[in-house]
Amino acid sequence: MGDERRFEPISLPCEWVEDYRPGGYHPVILGDVFNHQYKVIRKLGDGSYSTVWLAHDLNNNRYVALKILVSDVSESTTELRILRHINQVAPVEGPQYTTQLLDEFEHHGPNGLHKCLVFEPMGPSVNSMVEELPQFKPRMQDMKVRYPPQMAKRILKQSLRGLAFLYENGIAHGDFQPGNILFSLDDLDSTPEHLLLQEKDVEARSISPSVQRLDAYYFTDPPTKIVTPVGLRAPELILKGAVNNTLDTWSFGCLVFELITGQPLFCVPWSDWEDDDHILALIALLGPLPEELFKNWKTSSLYFTPERKLFNCQLGGVDPGKEPLMLEQTTMEDWFDQAGPDLGEEEANKVKTLIRWILQYDPAKRPSPAEILSDRWFCAIDA
């Protein structure tokens, strides 16, 4: 039995079957009706703590995204408290910038009691939408897949408005990344249900619309652990585990670079030395760390002399008998230019200046989302 496969392999990512257990996911069958109102018609996605389904709201004749939490976390989460708070303090403005919580209820199932959240359905994420643009079909070899500059600028400006809205209400997002920036949908409710139904087979593909996850937290109650992707993490988070109100701002600065150039500013593959890899890239692209941060880098001696002179770029240090590895140090501005963004020189300089302004090592010096909105690049008439 040791070599026998327990499950048939499938080619698409999905949740683990073993997680359908007491305390885990609720088993959903297409056509199930929840709360006598929401008929499930296709799967949208899954995460560590929930599955998400497109459902037909039979009472209001509209489509919704139904998020079913695992029963272990069905109590009132920070995400849910914040969504309720937004609905109360900004019922008109909130839906312009965040996914709107339409309803909530509990469902008893074989694996326990599950909190169910009902949202407006949203469209593709910024991560996935770029692949659907007509200019990239058919996909040609060596084609640069990135948003046209003005489209990228509008995405950035609108998402920045969303951050500013959250900050005005004392809320940080906590996981600000392209996968959590969603396009809105136009007139989905006029689409007949049979056109949205998912085929009942294991290879059926999940499609957008999708629902945004807020790992957002109150400024007054920061979490002990942040789930921001590695390449978008601020240096104080990497080196000190420090959580502050500017982590989203740092992530946004990285995304300005990424959306305009089509390349991530910090590409940090997973390894035992990923923090060192990230910090070396930070120093190369943005300049030396201030002493207050550098002293928290416990493995700095593998790369820098006591005088803080770089002598080695080999992750993990120099192997016995080997020469130190030295790599060419490229600044953020040079890396931006090498990516060849579709911008004139004057506009490119504005963008590089904006990124520098945002990505400051001292959190106290980073601009707020509202201040970034007033930058001359965002204030231009084409934004």
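**Burial, helices and backbone geometry in a predicted model**

User: Which residues is Phe176 in contact with, leaving aside its neighbours within four places in sequence?

Analyst: Phe176 is in contact with Ser159, Leu163, Ile181, Leu232, Asp248, Ser251, Phe252 and Leu255. A contact here requires heavy atoms within 4.5 Å. The model is a predicted one.

User: Why is Phe176 called buried?

Analyst: Buried means under 20% relative accessible area. Phe176 has 5%, so it counts as buried. The residue sits in the loop between β7 (171–172) and α5 (193–196).

User: What makes Ser125 buried or exposed?

Analyst: The relative accessibility of Ser125 is 10%, and the cut-off for burial is under 20%. Ser125 is therefore buried. Its place is the loop between β6 (112–119) and α3 (126–129). Not counting residues up to four places away in sequence, Ser125 touches Tyr147, Pro178, Gly179, Ile181, Leu182 and Phe183.

User: How do you know that the buried residues of α11 line one face of the helix?

Analyst: The buried residues of α11 are Glu347, Ala348, Val351, Lys352, Leu354, Ile355 and Ile358. Seen down the helix axis, they fall within an arc of 155 degrees, so they line one face. The face turned away from this buried side carries the exposed residues Glu345 and Glu346. Cover for the buried residues of α11 includes α4 (149–168), α7 (247–261), α10 (332–338), α12 (369–373) and α13 (376–379).

User: How does the span of α11 compare with the expected value?

Analyst: Helix α11 covers residues 345–358, 14 residues in total. From first C-alpha to last it reaches 20 Å, close to the 20 Å expected at 1.5 Å a residue. Helix α4 has 20 residues and reaches 28 Å, close to its expected 28 Å.

User: Why is α4 called largely enclosed by the rest of the structure?

Analyst: Of the 20 residues of α4, 14 are buried, so the helix is largely enclosed. Gly170 follows α4 and has a positive phi, near 70 degrees.

User: What makes a set of residues a nonpolar core, and which members of the largest one touch the most other members?

Analyst: The members must be buried residues of the nonpolar types, joined through side-chain atoms within 4.5 Å. The largest core has 69 residues, and Leu156, Phe252, Phe266, Leu286 and Trp297 touch the most other members. Helix α7 gives the most to this core, with 9 residues. A second, separate core has 14 residues, including Tyr63, Leu80, Phe119 and Leu188. In soluble globular proteins, nonpolar side chains tend to be buried together.

User: What is Trp297 in contact with, leaving aside its neighbours within four places in sequence?

Analyst: Its contacts are Leu239, Asp276, Ile279, Leu280, Ile283, Tyr303 and Phe304.

User: How do you know that the radius of gyration agrees with a compact globule?

Analyst: For 383 residues, a compact globule would have a radius of gyration near 21 Å; the chain has 23 Å, which agrees. Along the principal axes, the C-alpha atoms fill a box of roughly 70 × 65 × 50 Å. Of the 383 residues, 46% count as buried. The chain exposes about 20,000 Å², of which carbon and sulfur atoms supply 51%. Its secondary structure comes to 13 helices and 8 strands. Among contacts between residues at least 6 apart in sequence, 60% join residues at least 24 apart.

User: Why is the peptide bond between Lys137 and Pro138 called cis?

Analyst: Its omega is about -5 degrees, and the bond is listed as cis. Most peptide bonds are trans. Pro138 is in the loop between α3 and α4.

How values were computed:
Residues numbered from 1 in each chain as written. Predicted model: local features only at pLDDT ≥ 70, side-chain atom pairs only at ≥ 80, totals over all residues. Heavy atoms only, no water. Helix = DSSP H or I, 4+ residues; strand = E, 2+ residues; numbered from the N terminus. Expected span 1.5 Å × (residues − 1). Buried < 20%, exposed > 50% of the residue type's maximum accessible area, 1.4 Å probe, protein only. Arc of directions from axis to C-beta. Rg over C-alpha atoms; globule rule 2.2 N^0.38 Å. Areas by Shrake-Rupley, 256 points an atom, 1.4 Å probe, with all protein chains shown as cover.
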